[in-house]
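Subject: Structure handover

Hello,

The structure we discussed is below, with the sequence. My notes on what was found in it follow.

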Amino acid sequence: MRGWLVGGLSALMLMGAAGAASAQDVVDPLGIPDQVHETVEDLALQIDGYLQELWEASPDPAPPILAPVKVLLQDVFYGLPDTEDYAFTVSFRATHESSSSGVLQEDPERLEVLDDAAACSEAREGLPVLRFERLSIGGMTGYQCVVAGFIGDDLYSWVFASFVVLRSADRYLDIRTGAAASSETRGRDYAEEVVMGKSEELMALIDGVNALTIEAFLVASSR
């Protein structure tokens, strides 16, 4: 089993289509702090590195990855509140496995395919479900579930997370992408405001990264 983790969302993430653009097409707008530029660049490079590794199994060149992912991350990070009383992070984790024998060995660390939104909420600390969709892609079946909220009695943080699980007899893929904000001075209501104020951009990032990851895995696992 191969895994990849970018960023640090929260314990939740560890639990249980962008257009074709070239790198030189991505222009960093003026007035954005250097630290934010660096965060976007680092996350984009790490996601690109994971997907490029999958594409190495194909004789065909990989599609544009770095520039589209960077644009999606820019849309999320640029325009966040310009204050210093909160923290914001984006996280991406993917785990994949395939077997040439036709059957994967049992592994308790693999996520199960859930039946509905209620099962997803139960598996994710009871968080409200924003989207639940059954998936059938490339001979694999599974689901996507997007949740958002606060965990337990946490008074400071708010999370927004997507879980994709696809399985067949000989292949397995899970993708966990999301964001979190935390503010010890202004509390979780403000953290919710920060995260949900970027909900459309986060869904675009999630959908884009999911599509790129699934495409790369299908290519890699077909070889």
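Please keep in mind that this is a predicted model.

Val 36

Val 36 sits in helix H2, which spans residues 34-55. Apart from neighbours within four places in sequence, Val 36 is in contact with Phe 77 and Tyr 78. Tyr 78 is 42 residues away along the chain, yet its C-alpha atom is separated from that of Val 36 by 7.9 Å.

H2 and H6

Helix H2 also meets helix H6, residues 199-221. The two axes come within 8 Å and cross at roughly 25 degrees. H2 and H6 therefore count as roughly parallel to each other, since that term covers angles under 35 degrees. The crossing of H2 past H6 is left-handed. On the H2 side, the contact is made by Tyr 50, Leu 51, Leu 54 and Trp 55. H6 supplies Leu 212, Thr 213, Glu 215, Ala 216, Phe 217, Val 219 and Ala 220. By type, the residues of this contact divide into nine nonpolar, one polar and one charged.

Aromatic pairs

The count of aromatic pairs comes to five. Two of them are described here.

The arrangement of Phe 77 and Phe 88 is edge-to-face, with 5.4 Å centre to centre and 85 degrees between the planes. Phe 77 belongs to helix H3 (residues 66-77) and Phe 88 to strand S2 (residues 87-98), so the pair ties together parts that are eleven residues apart in sequence. Both partners are buried: Phe 77 has a relative accessible area of 8% and Phe 88 one of 15%.

Another is the pair of Phe 132 and Tyr 143, which is stacked, at 5.5 Å centre to centre and 15 degrees between the planes. This pair links distant parts of the chain, with Phe 132 in strand S3 (residues 129-137) and Tyr 143 in strand S4 (residues 140-149), eleven residues apart. How do the two partners stand in accessibility, and which is buried? Tyr 143 counts as buried, at 0% relative accessibility, whereas Phe 132 is partly exposed, with a relative accessible area of 23%.

Regards

Technical notes:
Residues numbered from 1 in each chain as written. Predicted model: local features only at pLDDT ≥ 70, side-chain atom pairs only at ≥ 80, totals over all residues. Heavy atoms only, no water. Helix = DSSP H or I, 4+ residues; strand = E, 2+ residues; numbered from the N terminus. Contact = heavy atoms within 4.5 Å. Axes fitted to C-alpha atoms, helices over the stretch in contact; angles between N-to-C directions. Parallel < 35°, antiparallel > 145°, perpendicular 65-115°, else oblique. Left-handed = near helix turned anticlockwise from the far one by under 90°. Nonpolar A, V, L, I, M, F, W, Y, C, P; charged D, E, K, R; others polar. Phe/Tyr/Trp six-rings, centres within 6.5 Å; stacked < 30°, edge-to-face > 60°. Buried < 20%, exposed > 50% of the residue type's maximum accessible area, 1.4 Å probe, protein only.
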